[in-house]
Amino acid sequence: MALMKKGKSDNHGSKTKGRGAPKSVEEYLAGVAEPARSTLDRVRAAIRAAAPREATETISYGMPAFKYSGVLIWYAAFADHCSLFPTASVIEAFQKELKGFTLSKGTIQFPTDKPLPSALIKKMVKARIAQIEGKKRR
């Protein structure tokens with residue numbers, strides 16, 4: 001893989017920035033260097049294991065996402081961390097279990113070489129599904 005020259009150093013951009021928006025999750029992941037790629041593979045597997053069979057993978061806002069009646073959850077690699085975007089209310093519900101991770105309103109950041117625990121990702125995906133199902137019934 002050829003190295004891409006970038007202008008100014010940008011630690012905030014997604015790992016695939018500068019190559020045009022990826023058209024598929026596979027294309028996105030192919031552009032992510034190790035150890036972040038293996039970490040995202042594990043995150044993706046945990047999400048897939050907990051997501052309904054009807055859930056599909058897509059690229060949304062330039063990041064991999066799972067869709068189920070709208071976006072279920074996003075995940076991405078950045079220059080110095082990986083992130084999971086399960087929505088603010090899910091993060092709030094799992095505040096205790098997420099102690100030790102960097103959190104913002106809708107984002108959980110974790111090291112590129114240390115994914116969130118699979119069991120925790122699965123619980124958050126199930127909580128997000130319950131939210132979506134609850135909205136559908138209204």
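## Helix across the sheet

Helix α2 lies across β1, β2, β3, β4 (82–85) and β6 (107–110). Its direction is at about 165° to β3. The model is predicted.

## The sheet

The sheet is open and has 6 strands, in the order β1-β2-β3-β4-β6-β5. Pairing is antiparallel. At the edges are β1 (56–60) and β5 (102–104), each pairing on one side only. From one strand to the next, the twist averages 20°.

Strands β1 and β2 (residues 63–67) run antiparallel and are joined by 5 bridges. Within this pair, threonine 58 has alanine 65 of β2 as its bridge partner.

## Arginine 44

Helix α2 spans residues 36–50 and includes arginine 44. Arginine 44 is buried, with a relative accessible area of 11%. Its side chain makes a polar contact of 2.7 Å with the side chain of glutamate 26.

Leaving aside neighbours within four places in sequence, arginine 44 is in contact with Val25, Glu26, Leu29, Glu57, Phe66 and Tyr75.

## Tryptophan 74

Tryptophan 74 sits in strand β3 (residues 71–77). Tryptophan 74 has 17% relative accessibility, so it counts as buried; the cut-off is under 20%. Its side chain joins that of serine 60 through a polar contact of 3.1 Å.

Beyond residues up to four places away in sequence, tryptophan 74 touches Ser60, Tyr61, Met63, Pro64, Ala65, Ser83, Leu84 and Phe85. Tryptophan 74 and arginine 44 are 30 residues apart along the chain, and 9.6 Å separates their C-alpha atoms.

Terms used:
Residues numbered from 1 in each chain as written. Predicted model: local features only at pLDDT ≥ 70, side-chain atom pairs only at ≥ 80, totals over all residues. Heavy atoms only, no water. Helix = DSSP H or I, 4+ residues; strand = E, 2+ residues; numbered from the N terminus. Buried < 20%, exposed > 50% of the residue type's maximum accessible area, 1.4 Å probe, protein only. Polar contact = N/O pair within 3.5 Å; in protein donor to acceptor, adjacent residues only side chain to side chain. Contact = heavy atoms within 4.5 Å. Pairing = 2+ DSSP bridges. Axes fitted to C-alpha atoms, helices over the stretch in contact; angles between N-to-C directions.
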